[in-house]
Amino acid sequence: MRLARGSRFAVRYALIAGGLLSLYAFPFELFGATSDPLEGYLQAFARIAGGALRLFDAAVSVRGTLIDGRFPLQVARNCDAAEVNILFAGAVLALPAPWRWKLLRVVIGLCLLVTANVARICALYFVGVYRASWFRSLHEEVFPLALVALGALSFVALTRSPTSELDAA
Amino acid sequence: MRSVDFVFAFICVFSGLVLVSSRLGPSYARLCAASVSLFLPRASLSGGVGLELAAGSADFVGSPWQVSLLVTRGGVLLEAIPIDARSLCFLPLLAFTALVVATPQIRPRRKLGLVLLGVPLLQLVLLALTAAPVLSFLGGTGPVTARALPLGVHVALQVLYRGLVAPPGMAYALPLLAWWGSCAPRRCLVGAERNGLALSDESRYTGGR
């Protein structure tokens, strides 16, 4: 049975994004793991965010996944916006296009999303310092919406044309 | 510019819906509690464990959007699991509605149909996903076991929860995907092909090489 073109893309997208999300969300502790396999990755992310924050506030320091300062932030799972990154990358990888074309766009898009997420953590730090009452709403409702919107717009913008200035560069 | 127009329209509609519905918390929490209660077993589970859903709780100084799953044994409260109906269910429904309303070039009648059909379906999906960690918690991974579940089921439930429920971005990604699946594809395929993006023809990407 030949699927419609949109359906083929949807099936590929579901398989790729679903597989990556399953890997990220896998409960290794149910199989005896005593530490989070992503701990090193989260620590690296905390160092990046802490480094960016230190440009604006010298009081910031990083210990493991804890960004310490005037308003401590713990970088836990989901603080890295992995779901947005996976959904974006999965959508690009599901396109019927050459792998070089797709990988270039995945790299550019992920750089953009990671930068936006680091900016989000910096913003949350200063919101916590100066407007703590806004923290929960921004952290749980506003910023996730902004990141998902950015991911969607990045997909539209980066996959707009098959042969674009990116390929010519 | 079309994307900017759409994003602006979405923000306006979504913000308006959020402001208008800010006082609906207790009513929506009661609706969620009543809906899920239909699927809860009436008889006690193993070990005399009973389950009951309550909108809000006298034990919590919490949000009006809170639903509490009360786990009892012999009439004694063992656990009260708070569930935030706003972030897990209500905001995604508003996001889906705003996406449909903001989509241009779709007749109002079709938009209404999509909202009337899509919102209840999405609500059911969201309630089912929200139940995933609770089932795992009561199935052996928590302090109270209502009904023991196999390891494979626990893995599936935890993957569903950590992948689709726990990440805050999923509250907006799921309605975005539902919108994409229900009313965006035809338009986007037409628009995408106009921009040279063919979802089925790889040769378009190689310029015919």
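The following conversation goes through some contacts of this predicted model and asks what each label rests on.

Visitor: What makes R70(A) and D57(A) a salt bridge?

Guide: Their side chains meet at 3.0 Å, N to O, and since the cut-off is a side-chain nitrogen of Lys or Arg within 4 Å of a carboxyl oxygen of Asp or Glu, the pair qualifies as a salt bridge. R70(A) lies in the loop between β2 (66–68) and β3 (73–74) of chain A and D57(A) in the loop between α2 (39–54) and β1 (61–63) of that chain, so the pair ties together parts that are 13 residues apart in sequence.

Visitor: What separates E140(A) and R136(A) along helix α5 of chain A?

Guide: They are four residues apart in that helix (residues 135–158), and therefore about one helical turn separates them. The closest N and O atoms of E140(A) and R136(A) are 3.4 Å apart, and the two form a salt bridge. E140(A) is partly exposed at 31%, and R136(A) is partly exposed at 42%. R136(A), E140(A) and D84(B) are also linked in a network of salt bridges.

Visitor: Why are β2(B) and β3(B) said to pair?

Guide: Pairing requires at least two bridges between the strands, and β2 (residues 66–73) and β3 (residues 76–84) of chain B have eight, in the antiparallel sense. L69(B), for instance, has I81(B) as its bridge partner in β3(B). The two strands form a hairpin with two residues between them, and G74(B) in the turn has a positive phi of about 60 degrees.

Visitor: What describes the packing of α3(B) and α6(B)?

Guide: These helices of chain B, residues 85–102 and 170–182, pack at an angle of about 35 degrees with axes 8 Å apart, and the crossing is right-handed. By class, their contact has 12 nonpolar, two polar and no charged residues.

Methods
Residues are numbered from 1 along each chain as its sequence is written. Chains are lettered from A and ligands numbered from 1 in the order in which they are written. This is a predicted model: local features need pLDDT of at least 70, side-chain atom pairs count only at pLDDT 80 or more; totals for chains, interfaces and linings use all residues. Side-chain values use heavy atoms; hydrogens and water are left out. Axes are lines fitted to C-alpha atoms, for helices over the stretch in contact, and angles run from 0 to 180 degrees between N-to-C directions. A crossing is left-handed if the near helix is turned anticlockwise from the far one by less than a right angle, and right-handed if clockwise. Ala, Val, Leu, Ile, Met, Phe, Trp, Tyr, Cys and Pro count as nonpolar, Asp, Glu, Lys and Arg as charged, and the others, Gly among them, as polar. Buried means under 20% relative accessible area, exposed over 50%, partly exposed in between (1.4 Å probe, protein chains only).
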